[in-house]
Structures are given as C-alpha cells and as structure tokens.
Amino acid sequence: MSKQKITGKAFVLGRNIDTDQIIPAEHLVYSLDDPEERKFYGRHALSGVPDEQSGLPEGGIPLVEEDAFESEFSIIVGGPNFGCGSSREHAPASLDIAGVEAIIAPTFARIFYRNSVDGGFVIPYESLENLSKEVETGDELEIDPEKQTVTNTTQNKSYKIRPLGSVADIVNAGGIFEFARKEGMIDVKN
Amino acid sequence: MGMTLTEKILANHSGASSVEPGESVWVDVDVLMTHDVCGPPSISIFRDQFGEDARVWDKDKLVIIPDHYIFTNDKYANRNVDILRAFAADQDLPHFYDVGSESYKGVCHIALPEEGFTRPGEVLFGTDSHTCTAGAFGQFATGIGNTDAAFIMGTGQLWVKVPETMRFEFNGSSMPPYLMAKDIILQIIGDIGVDGATYRTMEFGGPGISCMSMEDRMTLTNMVIEAGGKNGVVEPDAKTEAYVRERTDKDFEPVYSDPDAEYHSTYQYNLEEMVPMVAKPHSPDNKATALELEGTKLDRAYIGSCTGGKLSDFKAAAEIITGHDLKIDTYVVPATTEIARRLETETLNGRPLIEIFKEAGCKIGNASCAACLGGPSDTFGRLNNQEVCISTTNRNYPGRMGSKDSAVYLASPYTVAASAVTGKVTDPRVFIQETVI
Ligand code: SF4
C-alpha cells in the first residue's frame, strides 16, 4: 500500500543493477508456486552482484546471509537504471520473497518497474538525487508516500521522492489484477 | 499534430484517434509470446486469477516457443517444458513449438518472424525483454513480465504508457563491406548509454535503412533494450512486405510516422564513417573500436543468440573463418532449426557453411539460447570459470554467460570470427580486404 509509511534498514547498491545480478539465470528453474522451492528465490536474491559492490559503501555484505532465506534489509537504495536487463518477473519477486518492500533509485528500467508494480511485489520510488551515494547500508530509513519524502533516521537527513503518478492506483490496489477487479474490467475473484 | 509510427499503432489499438507521450492507454493485443522460463509462472498466475478452467482469450494469438533451457539434464528446467506442453494440450493451442517435435524452432525472437507473427502495424507483447526485435517489421513489440502476460491471457488487453520517440537517421547509400548492424547498434548504445532510451521508443530511419536486410534491421531493434528502450521500430517497406507475406496469409496494415511527428531527439549517423565496434566487459555501453582493443587476449569465441545467430551472421563469420585454423575454442549456435538447416544448404565458394565451421574446429550446438544467458551448469558453451569470451550476443553484464568471474566482449560476427582466427580481439577489416582482393 503506497499510502502507508515504510520503515526499515537500507541495503545500498550502485548503478545499472541488472536482472542477472538480482537473480542469476541459473536459479530461474525453481517454481514460484511451491512454497518450499519459492524460498530459494529469496535466498539467491542479489546473489549476482559482485561482492565488492554488494552493500555499499563498504561492500562485501550479502542481501541474504548464506543459509538464510530472508533479509534483515527491507529497503533497497540503488543508483540509476535499476533493474535493467531481462524481463524476468522473478527479479522483483525474488526481492519481495527476500523481504524487501521498497526500492529507491533515481531511475528504473521500465520492464522491472512495470513488473514491480503490476505484480504488487515491491514499490519502486524514484528519488530526485542519487541516494546511493548518501545512504549507508544498515541505515534506518522511513519512506513517507504522502509527504513524498524518505528520511534517513540514522543520519538525520531527509530527501524528496517523486509521486507515483499514473501507476499509483495500481500500487494502491496491490497489483494489476486487484486494480482491474476494482475497475470492473474483470470479474470479482475467480 | 502528426504522430510517430509507435503512437499511431497505440492509438489504433486503444480506440483513440490520437495519443500523446506520457498518456497511459489500454491496448488490444494481437500476439502474446511466451517461452519456457516465463511461460510456466505466467500460466500459474493466469489459472490463479481467472480460475482452473479458464480459457485463454484467443488461442490463435498466443504463441509458445520454448528456447531457453532446452538441451540440459536439469530436472527443473525440463519440468518447465512439461508444464508448457500440458497447457498447450489442455487449451488446444495451435502455435506451440514443442521441444523434440518436428515443429521445434529455437530462439523465440527469430522464430516469430520465421513463422509470420511479426506483422507491421500490430501489437506484440512477449515475456522476454528482446521481444523488441520484432519492431524491425514496423510492429509495436515490447517485453513484459509474467503478471502482465497472465493478464493478457485472460483479457487480451494491457495498459501501456505512450513512449516518447527518439529518431536515429542513417545516411549513406550502402553498408561498407566490413560494417554490420551490430557495430551500428553498439556505437549507438555507447553514445547514449545503457539508460539513454529508458521509457522511450528508438525509431530507425533514413536512406541507410533501406539498404539494410531484414536481418540487419532485427539486429538494431533487438538491442534497443540494452539502451533501456521500450521498443524499437523501423518503418516497413517493400522488403518488409515481401518477408512477411511469404510467411503468413493474415492481413496487416502497415503504418508510418507522419512527416510532422514530434520527436524527443534526433541523431544522425553516416554509415560510411562507422567502424567495427566492441562493448567491453561488463556493460553493453562500454564501447571501444575493435582497433583500439587489438591484441586483447581471448579464451573463447561464441557466435549465436537472437542478436548474432541468424543466417546472415553465420555467412559473415564463415567468410572470415574459411580456410583458417582457429586459435581459440569457438562455439557456433544457430538461433533456430530453420537456420541450422540452412547452414547445411547455403554455400560459400561451393562449400556448405556448416562444413567450413566444422573444418575450422568450431563446436556446433543445437538451436536454442544456449550460453547467451549462462543457464544450468551443463549448458552448451557456458562460461564456467574465468574465461574471456568474445561474443555476438547482446549482454555482457557480470555473470551473464555463466560464471561471475568470466568476462565478455560483445562484437559483430565479423569481429568475433576475426578474433577467433587470431585468438585476440581483431579488427575484421584486415580479413575483409583480403577477401575482396
Ligand atoms: S538468445 Fe539470449 S538474449 Fe536472445 S532470447 Fe535467448 S537468452 Fe535472451
């Protein structure tokens, strides 16, 4: 729900994080339906990011600890062009499964953006500045969609985010299907 | 005010007389394509949302082309194909190109035109980012995710934000003999960056386009996604019509950009001044000329994929490879079974292309995506270690072709073949001049 505040620990990445880094192709074989197999998308989320660029500024921090399935970080802060590459919806899904709720980046690749919104996985917020240079992995953040701000409570700084615009209705509904049902485009539940 | 080709198609398919960039519209879909990686999750969302017994909106408009993880022992990958097979049988789908059957094709973006699904003026969505390839035929074609695909399966519609259009004009009346469309698109991506066309259309035109074959045009539109583009388009002409008519009986109505259409920006390129280009690891916009990189040591060469695995790509590679021994392991993977067959029948100086490759020691794979995206560890041509590879594919992100420790240089089939002969990055002009003389 876009109207509610999102709080959590930041996980910081650089620019051009592509879908092969978000979920390497070799893991795409697991079923998203099977609750046991599905967890592996969480385990391998962001496992394709080169170590030194994972969890900036220091690097060497995985999103998900080696034997875990979920992350302690719930907000990703990335550089420009987040989610470029393939159309695999497994990418936003894997972040969702790992426990990520929102991503803040100056720009997103469009298929990733669409998938995040239409699938109701994670909320992509566009920031005016490149916050990946400001925020440090582990900082506590608070996103306030009403005020269109993100506050770094660790560093005591606040930044602007862009309004969601025409996708807000889909984000608020929780995905394209929920939106279409609300609008009467498709029958209410199966 | 006039409209661009992309705006016109979106207007025609949303029942509006005109549309403007930035507007969101719901469009009717002419073709939905999916494959073995994204098909099963799309099907599962479709069933979940529309019910176990739901039927797809129009079975003639759904095309299923398994191509990604085909020749592997990975049990999960094989299960994916089983799911597609069961769904196609259950829904009685006429356009399913099953693995192991006569109809098996290989890489979806090359199979779609071969089978007549890339019709000018239409709207095509596919669960794969390189769906933009079909824009070479004047179609609106773009990649989507599984949720969107499931939505289309049930409704035949999808929302689209109308993109702004960037125009790329090519001047010059012919392609220089050493230049390939791959060099041109690598140059453009290097110039505008991997996010230079994000949310936008890349429209290719000008006199230089008319001298390009349909396969050349497909190489251009194929890689618009590497610049972040939503779709790429080339205005249809006589070549387009001839290609499409040969492959389908369906009617279609080509549309063209108006002379007074508004563009986000316009770029000019002179074909005669362009040179062989390479994208260095680990980004498609990390450009250099082949000449600048001369001497860079390589372990492997790879010729294949939806970008560089078409018949014309192999003809180009064979021109250079013929009569040479290769210094490094070289993998040849035809995109589709039709191309694989043509490798046996097309000849160069009287010899079938396939023989030229075999004699030079190339390893020949089965039609599929193979190592273009790494894949399961037993995938043909996969980079499993620290190899340095020069490839005709489209992406060189970290780990794209397998191991995170590997490094990939992207180049044209000419450059890849020339580099395979010397074992180092090599400007193909040396060989081409030899061939000409
Ligand atoms: S050949 Fe490569 S880029 Fe093309 S569809 Fe297959 S995996 Fe994707």
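Tyr199(B) lies in the loop of chain B that runs between helix 6 (181-192) and strand 8 (201-205). The model is a predicted one, and within it Tyr199(B) has a phi near 70°, a positive value in a residue other than glycine. Tyr199(B) is also, together with Gln49(B) and Trp159(B), among the three residues of chain B that lose the most area to chain A.

**Positive phi**

- Most residues other than glycine have a negative phi.
- Tyr199(B) counts as partly exposed because its relative accessible area is 32%, a value that falls between the limits of 20% for buried and 50% for exposed.
- Asn156(A), which is not a glycine, likewise has a positive phi, with a value near 60°, and its place is in the loop of chain A between strand 6 (149-152) and strand 7 (157-160).
- The relative accessibility of Asn156(A) is 69%, and therefore this residue counts as exposed, the limit for that class being over 50%.

**Cis peptide bonds**

- Most peptide bonds are trans.
- In chain A, Leu56(A) and Pro57(A) are joined by a cis peptide bond with an omega of about 5°, and Pro57(A) is found in the loop between helix 2 (35-43) and strand 2 (73-77) of that chain.
- In chain B, a cis peptide bond with an omega of about -5° joins Pro281(B) to His282(B), and His282(B) lies in the loop that separates strand 11 (277-279) from strand 12 (287-289).

**Extent of the interface**

- Contact between the two chains involves 49 residues of chain B and 52 residues of chain A.
- About 3,900 Å² is buried between chain B and chain A, and carbon and sulfur atoms give 55% of this area.
- On the side of chain B, Gln49(B), Trp159(B) and Tyr199(B) together account for 17% of what that side buries.

- Five salt bridges are found across the interface of chain B and chain A.
- The side chains of Glu37(A) and Arg79(B) meet in a salt bridge, with an N to O distance of 2.8 Å.

Methods
Residues are numbered from 1 along each chain as its sequence is written. Chains are lettered from A and ligands numbered from 1 in the order in which they are written. This is a predicted model: local features need pLDDT of at least 70, side-chain atom pairs count only at pLDDT 80 or more; totals for chains, interfaces and linings use all residues. Side-chain values use heavy atoms; hydrogens and water are left out. Helices (H or I, at least four residues) and strands (E, at least two) are DSSP runs, numbered from the N terminus. Buried means under 20% relative accessible area, exposed over 50%, partly exposed in between (1.4 Å probe, protein chains only). Contact means heavy atoms within 4.5 Å. Buried area is the accessible area (1.4 Å probe) that two parts lose on being put together, summed over both. A salt bridge is a side-chain nitrogen of Lys or Arg within 4 Å of a carboxyl oxygen of Asp or Glu.
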